[in-house]
Amino acid sequence: MTVGQHDVGRRRGAGVQRFEAVGREHGVEQHAALREQEGVDGLADARMGHAPVDQAGGDLVHERPGAQPGPLTNRDGCADEARVAGTEMSGTTQVISALDLARERTLALVDDFDDTTLERAWTPMMSPLAWDLGHIAAYEDLWIAHRHGGLPLLRPELADLYDAFETPRTARGDLDFLRGAELRTHLSEVRGRSTDVLEREGPGDGTITEMVANHELQHQETMRQTLFLAGLPGGRPSAEAEHPVDRDGWIEVPGGPFEMGARDGRFAFDNERPRHPVALRPFRIARRPVTNATWLTFTEGGGYERREWWSDEGWAWKEEYDITHPQGWDGTPVDPRLAVLHVSWFEADAFARSQRARLPTEAEWERAATSAQETLQGTAFGWEWTATEFHGYPGFVPHPYREYSAPFFDAGYRVLRGGSWATHPRLRTPTNRNWDLPQRRQIFSGVRLAQDA
Ligand code: AVJ
Ligand code: FE
């Protein structure tokens, strides 16, 4: 097996078996791991004691893109985009410079850490940071040099080790992954080969190079989740990350048909297509996400004790792991004005019920985010849980990297929309779909309420 090359069909199964078999690419293998490692999610705070992050000094959120405030933009509406995305990314030079920009940002993220910090398995939930770095290189080498350029892999013996499906996260701490100077050399050697291939062959239709650039950007957010769980600098948003939201209340959205999904003509992930019509009933959606202040009133008002607000599954999860507040509230002061982060789908769902509201469906969310009516506020700080289970749109066609989406369809994952302070703006679009299991809280996830009109 090589990185990202798997037979999707063969991994289908049922129940726990399904999780272990289906999803060894990120996110999924961590869930299998958690079934073995009971309570990691719920106990992570206690176990790791979350050292407060020194925002002023050690915070790594210094690069503007990740922390940049602003509403959602279409891929062609963002200045940073123009250099890198979609059809604009057709020229060889632009592609190479997009890859190099992504790399600068990756290296900045780990700049202040010594090898011990990079190589440590901080939590069974996540890979050692050094593994993510090697995996970024392995994925790039597979897709650009090998698949696109027809070259043999640079280090074929490393392929399994960096294959997320082959090697579950719990096992990664013990692996002989690349370390120190060798790791850095490998990253730049792979990049050198990619550059040669692209200069020789051009980027083709741009899909593979977009996949590779976006993959690296996505792993930056994954690595920030590790930093969050480990209590390391860079795991929490800097003070500037959240832009002010000025108004509370609801936006009324009329019912009717709407076209959901990414238009053709520029890069989108496979799961954003095909664009298709959806009929919606009238609904209202909150102008802004739920704040820590509001969440505190939920907590203090017995939010985690009122059985009637919780789903059966959510209650069972909460009881088992003794969940009494969002992850990361221990030992770190929480700014009441900021949007709540690190709540699970189960908590989001219970909270909504306590407010006589519900989570928006992802169609409602996209409709509201793309409507000319009024801009949703605060979409660049936390991912927003939706009511919808991750599934393929009618007529779904996988990308060359077949394991990106399909293994996760109809497998209990919930869709999150928007993006977080740790998400690169090019991934923060109105049609982008993120997903995670309903009990997950390491993700930078919050809540926006909706109601039937
Ligand atoms: C889209 C964020 C759910 O991390 O599981 C990275 C992105 N896929 N490497 C994940 C991804 C393969 C994916 N998410
Ligand atoms: Fe990956």
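The model is predicted, so local features need pLDDT of at least 70, side-chain atom pairs count only at pLDDT 80 or more, and totals for chains, interfaces and linings use all residues. Residues are numbered from 1 along each chain as its sequence is written, while chains are lettered from A and ligands numbered from 1 in the order in which they are written.

**Overall picture**

The protein has 14 helices and 9 strands; helices here are DSSP runs (H or I) of at least four residues and strands are E runs of at least two, numbered from the N terminus. Of its 453 residues, 49% are buried. Buried means 20 or more other C-beta atoms within 10 Å of the residue's own, exposed means 12 or fewer, and partly exposed is in between, with C-beta atoms placed from the backbone. Take the contacts between residues at least 6 apart in sequence: 80% of them join residues at least 24 apart. A contact needs C-beta atoms, placed from the backbone, within 7 Å.

**The cores**

A nonpolar core is a set of buried Ala, Val, Leu, Ile, Met, Phe, Trp, Tyr and Cys residues joined through C-beta atoms within 7 Å. The largest one holds 45 residues, and those touching the most other members are Val290, Val340, Ala348, Phe351, Ala352, Val447 and Leu449. Elements giving two or more residues to this core include helix H11 (292-300), helix H14 (362-370) and strand E4 (283-286). Helix H13 puts in the largest share, 6 residues. There is also a second, separate core of 42 residues, with Val95, Leu129, Trp131 and Ala230 among its members.

**Strand pairing**

Four strands make an open sheet with mixed pairing, in the order E7-E6-E5-E8; strands pair if DSSP finds at least two bridges between them. The edges are strand E7 (434-436) and strand E8 (445-446), each pairing on one side only. E5 and E8 run parallel and are joined by 2 bridges, and Trp383 sits opposite Ser445 in E8.

Elsewhere, E2 and E3 run antiparallel with 5 bridges between them, and Pro257 faces Ala279 in E3. The loop between strand E2 (256-260) and strand E3 (276-280) contains Pro274, which is linked to Arg273 by a cis peptide bond with omega about -5 degrees.

Most residues other than glycine have a negative phi, and most peptide bonds are trans.

| Residue | Phi | Other C-beta atoms within 10 Å |
|---|---|---|
| Asp322 | about 55 degrees | 11 |
| His342 | about 65 degrees | 24 |

Asp322 lies in the loop between helix H12 (312-321) and H13, and His342 is in the loop between H12 and H13 too. Buried or exposed: which is Asp322? Asp322 is exposed, because 11 other C-beta atoms lie within 10 Å. His342, with 24 of them, is buried.

Terms used:
Contact = placed C-beta atoms within 7 Å.
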